[in-house]
Amino acid sequence: MRYVRDFDEIRLGDIAEVGGKNASIGEMISELRRAGVHVPGGFATTADAFREVLAHDGLDATIARRLRDLDTSDVAALARAGREIRELVRRTPFPDAFSEAVTTAYAALEATSDGAFSVAVRSSATAEDLPEASFAGQQDTILNVTSGEGVLEAMHAVFASLFTDRAIAYREHHGFDHDEVALSVGVQRMARSDLGASGVVFTLDTESGFRDVVLVTASYGLGELLVQGAVEPDEVFLYKPALRAGKEPVLSRRLGSKRLRMVYSDTADETVRVEDVREGERRKFCLDDDELAELGRQAVAIEDHYGMPMDIEWAKDGADGRIYILQARPETVVSRSTRVLERFSLPERGTVLATGRAIGARVGSGRARVITDTSQMGEVQDGDVLVTDMTDPDWEPIMARAAAIVTNRGGRTCHAAIVARELGVPAVVGCGDATERIGEGATVTVSCAEGDDGYVYEGEVPHEVRRIELDHMPKLDVKIMMNVASPERAFSFSRLPHAGVGLARIEFVVNNAIGVHPRALLEFDEQEREVREEIESRMAGYADPRTFFVRKLAEGVATIAAAFAPEPVIVRLSDFKTNEYAHLLGGERYEPKEENPMIGWRGASRYTSEAFRACFELECEAILHVREAMGLTNVEVMVPFVRTVGELRDVLAIMAEAGLERGSNDLRVVMMCEVPSNAVLAEAFLEHVDGFSIGSNDLTQLTLAIDRDSSLVANLFDEEDPAVLALIDRAIGAAKAAGKYVGICGQGPSDSPTFARWLLDRGIDSISLNPDTVLETWLFLANEGVPEGRIADA
């Protein structure tokens, strides 16, 4: 019998002998080294060795008797059985031949090291890491083991952990016979991530299933705290096409708090310890752009080799500075999703009790069970909302009962998040103080249907669910595009049928991701101390205030562009009004007070003003970065609120000086047709741009002389007024005659399908809708006839 095999000689076909995890490690070492994938070496015990260990002294028969007729829904009985079996496994000695084989293999591995040497001892079940099942995290991992005797001791712990409560319940739930699942143990040289960083990579977006990104989570030190959910990690999205093309791949990044890290211990009674991370380190990202690109390239190479989305653990060695892949397994939850779209929504929202990261785009309600200790787990009943600090594998039997899960700590890849996805229940993780803010026994609603942020609402808030067969949408004679403001929801929105984005609003990114007036950033040193401190807090992780604005804006634009690529994404340049700019941090210093900001200093008039031109150039720099450095040339630019042809020419000249020259690298520039002069002199404006996007909101306001912010005349606001329709009809006709693009991105078609039908009949090229109205309007336009309505009657 072979008790041990080196990773170098193991291939993916050896799963039956060494389990999925170890087979994958061997496969990557032998097949992906030339692709630049770096995997630390080691060896694995075999499944036959495990069976011999369990047969020793009749251990396997004793275990089988104890598990026979066990009711895993009885949490107390499950805990007793698991505890007894684990203690029995630990007490049973290994056969001498097995122990000798392991210590010999360890000595040979240690001999290949030049300096300080330690290994990680991990499980690898023979049914693990298969596309239809994931046993990941169910068995123990022992880190920083430094002797052959220590490896044997760790193997005892790993073998025993095959019988944790979670592992027993999981096998029962998924129909795996306990005696058919064998355990291999991997012994792998450790990368010194205790001196660097570590984390988890998914080669898709774990929430929407979007496939063109790599999601990186990262924290300082060894990776166990991240997996447990004990730290809030950095989160970075990388764009796969950019990685393959050698372009800059970072789509977005979110700085985690990273308060703790696990490092090697220098005491005899423990191998690792947990320490606080200094404030200066916490305010930096764990990986720089070059390291992220290197990690992303390795992840894409692994996905390409396996031909499916992957869940990958990685480490940065702080001693040699290299990025290593520790293990890789098929992603087993999101990648199995179908082309049936489930959309949850809340027509009304209640009082917010807690907020955190949203996991699973669902909504769940129930009675809150605030659990602070595992001894309380039996209190959780079917349909309850589990509220706790964080979870680990011992919690899984009760997690399966929950309608939703809420934790104080954790990020997208923590234990609670992974299990919630497997169970198909919503989870809000990383709330910070949920166990204090949510009352025991209170009825609450957990909403993960509102983007990246998840909310816990007081009471039972009604919600709606729609299920749409995406592969059966009828053909249309017009392109349906979307109005998208939030980059955080772009991946999810891109699952809807679409022809791109007709309006991507820069203002949302500036307001939510940046939150600072651009001049306050450019003139940072001149700000009051309180403002400077707040800016420094917001820009943590970025080199300087200017870079913060440019990169944050670029990240928002790039995320939307990537989500909808290769379809066009029309990005409207900033169109804040003075009162809106004044509300940004530092804004009151730079903004005049206008009686009617709606028709004041906004849009194109700002870009040509000496007081704002430098700020506008930051916008141009961000868009140029997205198109040139990242390769997202599907981004088109739209100039808003242009009053005169001369003003348009001046704006285009400034853009060209900043590198955004119309026609360069196929850049298309369109103009918002929203001022009556745009339609009246349509032919003159169209000489300088590639088309019109009709802004029906402002066009209606200015045509009918109505302040749409005034409740006194709100009843007169009507986008289907004959005067407004006449201007829209003229704009469409002029664009068609000039052979140029014409679409609409105003609110009108989203609110009125009859208006959308009228536009279709006029030959408009595209209708850009709010995402929540895409399906209804699409299906309406595909049907013959027009329902009753003024436009149809006219």
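This briefing describes confidence, helix packing, selected residues and backbone geometry in one protein model. The model is predicted: local features require pLDDT of at least 70, side-chain atom pairs count only at pLDDT 80 or more, and totals for chains, interfaces and linings use all residues. Residues are numbered from 1 along each chain as its sequence is written, and side-chain values use heavy atoms, with hydrogens and water left out. The average pLDDT (the predictor's confidence in each residue, from 0 to 100) is 91, and 96% of the residues score at least 70.

**Confidence**

- Where pLDDT is low, the predicted coordinates should not be read in detail.

**Packing of helices α1 and α11**

- Helices (H or I, at least four residues) and strands (E, at least two) are DSSP runs, numbered from the N terminus.
- Helix α1 (residues 15-31) packs against helix α11 (residues 289-306) at an angle of about 105°, and their axes are 12 Å apart. Axes are lines fitted to C-alpha atoms, for helices over the stretch in contact, and angles run from 0 to 180 degrees between N-to-C directions.
- The angle therefore makes α1 roughly perpendicular to α11; angles under 35 degrees count as roughly parallel, over 145 as roughly antiparallel, 65 to 115 as roughly perpendicular and the rest as oblique.
- On the α1 side, the contact involves S24, E27, M28 and E31, which meet I302, H305 and Y306 of α11.
- By class, this contact of α1 with α11 has three nonpolar, two polar and two charged residues. Ala, Val, Leu, Ile, Met, Phe, Trp, Tyr, Cys and Pro count as nonpolar, Asp, Glu, Lys and Arg as charged, and the others, Gly among them, as polar.

**Buried residues in helices**

- S24, in helix α1, is buried, with a relative accessible area of 3%. Buried means under 20% relative accessible area, exposed over 50%, and partly exposed in between (1.4 Å probe, protein chains only).
- The side chain of S24 reaches the backbone oxygen of A328 at 2.9 Å. Beyond its neighbours within four places in sequence, S24 is in contact with L12, Y306 and A328.
- I29 also belongs to helix α1 and counts as buried because its relative accessibility is 4%.
- Outside four places in sequence, the contacts of I29 are F7, D8, V39, P40 and G41. The C-alpha atoms of I29 and L54 are 30 Å apart in space, and the two residues are 25 residues apart in sequence.
- Q701 is placed in helix α26 (residues 696-703) and is buried at 3% relative accessibility.
- The side chains of Q701 and D698 are joined by a polar contact of 2.9 Å. A polar contact is a pair of N or O atoms within 3.5 Å; within protein, one must be able to donate a hydrogen and the other to accept it, and residues adjacent in sequence count only if both atoms are side-chain atoms.
- Leaving out neighbours within four places in sequence, Q701 contacts M598, I706, D707, R708 and F717.

**Buried residues in loops**

- R412 lies in the loop between β18 (404-407) and α13 (415-423), and its 3% relative accessibility classes it as buried.
- Beyond four places in sequence, the contacts of R412 include D205, E207, E235, R357, R421 and D452.
- V478 is located in the loop between β22 (464-469) and β23 (479-484) and counts as buried at 7% relative accessibility.
- The C-alpha atoms of V478 and I767 are separated by 7.2 Å, although these residues are 289 residues apart along the chain. I767 is among the contacts of V478 beyond four places in sequence, together with L760, I764, D765, S766 and L781.

**Backbone geometry**

- Most residues other than glycine have a negative phi, and most peptide bonds are trans.
- The peptide bond from A565 to P566 is cis, with omega near 5°; P566 lies in the loop between α19 (545-564) and β25 (569-572).
- D57, in the loop between α2 (47-55) and α3 (59-67), has a positive phi near 60° and is exposed at 63% relative accessibility.
- D666 has a positive phi of about 65° and lies in the loop between α23 (645-657) and β27 (669-673). At 65% relative accessibility, D666 counts as exposed.

Definitions and conventions: Contact means heavy atoms within 4.5 Å.
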